[in-house]
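Work through the exercises below with the sequence and the model open. Each task is followed by its solution in steps.

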Amino acid sequence: GELSLLKSFDVSSGVITLVQSMTSDRLLGLDVKIPSTIQAHSWACLGKFCVKDEELAKKLVPLFFHEIRNTTVSAVRNNIMLILADLCTKYTSLVDTHIGEIAKCFEDPSEVVRRQTLIVLASLLQQDFLKWRGPIFHCFVLSLVDDEISVRSLGGFLLSTSLGATASQLAYNFFVKTMYTLNACPSAGSSTSFIESAALVDTTWGIKADLAGIESAFRAKRKVIYDSLLKLLTPEHKFKLAAKLCEDCIGPLLHENDSECHSEVLRDAMIVLGCCTKEIGRIPGILSAMMPLIVELKAHLEASKSPLLKEVMDIACGLLKEHKNEVEDLLVEDPTFASEILQELKSRSKSNNKISRNQNSRSESTPPGTGSKTPLVPGT
C-alpha cells in the first residue's frame, strides 16, 4: 500500500484483485479463513491504491461505504474510516455526500474507534474538507456523555476547538434539532423556521438516539449536553434561542398529542429556556414577547396537573427577578400568578441571603493560617 504511493511504482490489476480478495473472511473458492487483522490491513492497502488512482477510487468508494455499514469487525471499520478521510482530502466530491457513514462509526463499541472518529472528523472540519452537518454535530455532542472518560474529554476539547469562532452560531443553529433528536422525536407543528438550512442539517441524522426516555440517567445526560452547548452561546444567541424554543418547541407542543417523547422535549425545552432567561431578562422587549406564552403554558400545565409547573416558575422568576416592580403590571390579567411569582422571588432572595451569610460566617470563623494546606510530598 505504501509503495503504491510512489510515482515510480505501478500497481497491476492482478495485485489489486489479490488484495481485494483478502478483504473477505475467506478466500474465494477456497476454504481458507482470513484473520480479521489481515482483512483490516487489506482494506487499508486498497485505500492507498485509491489515493493514487482516481478511477479506482470511483469504483471502490461505494464498496467502502457498503463494508463500513455492514462489517462487524471494529478494526476494519476503523481502517475504512481512515481511508475515506484520506479520500475526502483527495477527492472531496466522492466522499462528502456520504460523510454520515463516517460519523456512524461513533456507534462502534470500541473506544479506540470512537476516539479515532472524533479526531478524523475534527481534522477534516479544521481543514475545510467538511462542513458541519447534523450527523457530524450529533456525533460530537454524544461524545460529551460517552461511557469512557477519554472520549468525553476528547469530545469536549475538539468540540470547542473545532468550532472556533463559529461556536456560538453553530450551537444555536443545531440546538433545537439536537433536542428533538436526543429524544427520538419528530418535530412538532409545522413551523417553517424549524427547517434548518440544508447546508447545516441533514433531514435524517442517521445516528441512533439512545438518550430518549424519562429515565433519570438519560435526562441527566441530555442536561450535560444542553449545558455544554449553552456555554458556547453568546448572550445574543441565548436571546434568539429563547425565542426559537418558544416558537419551535413550547408553543407547538402545547397543542400536540401527549406522547412521551413530546413531553420530554417540552420538559427539556423549559429547562433550557429557564437557563437562558437567567441571563436575558434585561434585554428590551423580552418580557412582553415571552410572558403571554408563559401564562398560557402555566394554565395548560395546571389543567393537566403536570409536574413541569416548577420549570414554569423557574422561567418566570429568571425573567422577572430584575423587574419585580413590573410583575403586577405585566400579569394584570392573572393576579394570582403575579402573586405567586413575587412570593417565589422573595423566598429565593431570602434563601440566597442565608447561604451568603453562612458562607461569610464560616470564612470569618477560620483563624488566619489555619486553613487547609497541601501536604508536602515525603522527602521534599
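The model is predicted, so local features need pLDDT of at least 70 and side-chain atom pairs count only at pLDDT 80 or more, while totals for chains, interfaces and linings use all residues. Residues are numbered from 1 along each chain as its sequence is written, and side-chain values use heavy atoms, with hydrogens and water left out.

**Exercise 1.** Classify the ring pair of Trp43 and Phe64, and state which helices hold the two residues.

Solution. 
- Rings of Phe, Tyr and Trp (its six-membered ring) pair if their centres lie within 6.5 Å; planes under 30 degrees apart count as stacked, over 60 as edge-to-face and the rest as tilted.
- A search of the whole structure finds 5 aromatic pairs.
- For Trp43 and Phe64 the centres are 5.8 Å apart and the planes are at 65°, so the pair is edge-to-face.
- Trp43 belongs to helix H2 (residues 36-52) and Phe64 to helix H3 (residues 54-70), so the pair ties together parts 21 residues apart in sequence. Helices are DSSP runs (H or I, at least four residues), numbered from the N terminus.
- Buried means under 20% relative accessible area, exposed over 50%, and partly exposed in between (1.4 Å probe, protein chains only). Trp43 is buried at 2%, and Phe64 is buried at 0%.

**Exercise 2.** Describe the pair of Trp132 and Phe137 and the cluster that contains Trp132.

Solution. 
- Trp132 and Phe137 are edge-to-face, with 6.0 Å from centre to centre and 70° between the planes.
- Trp132 is buried, with a relative accessible area of 10%; Phe137 is buried, with 0%.
- Ring pairs join Trp132, Phe137, Phe140 and Phe174 into a cluster.

**Exercise 3.** Which lysine lies over the face of Tyr172, and which over the face of Phe337?

Solution. 
- A charge sits over a ring if NZ of Lys or CZ of Arg is within 6 Å of the ring centre and within 35 degrees of the ring normal.
- Lys244 lies over the face of Tyr172, 4.8 Å from the ring centre.
- Lys298 lies over the face of Phe337, at 4.8 Å from the ring centre.

**Exercise 4.** Characterise the packing of H1 and H2.

Solution. 
- Two packed helices are described by the angle between their axes and the distance between the axes.
- Axes are lines fitted to C-alpha atoms, for helices over the stretch in contact, and angles run from 0 to 180 degrees between N-to-C directions.
- Helix H1 (residues 13-21) packs on H2 at about 150°, with the axes 8 Å apart.
- H1 and H2 are therefore roughly antiparallel (an angle over 145 degrees).
- Contact (heavy atoms within 4.5 Å) is made by Val15, Ile16, Val19 and Gln20 of H1 and Ser42, Cys45, Leu46 and Phe49 of H2.

**Exercise 5.** Is Ile225 buried or exposed, and which residues does Ile225 contact beyond four places in sequence?

Solution. 
- Ile225 is in helix H11 (residues 216-232).
- At 0% relative accessibility, Ile225 counts as buried.
- Beyond neighbours within four places in sequence, Ile225 contacts Val141, Leu144, Val145, Thr178, Leu182 and Leu211.

Conventions
Parallel < 35°, antiparallel > 145°, perpendicular 65-115°, else oblique.
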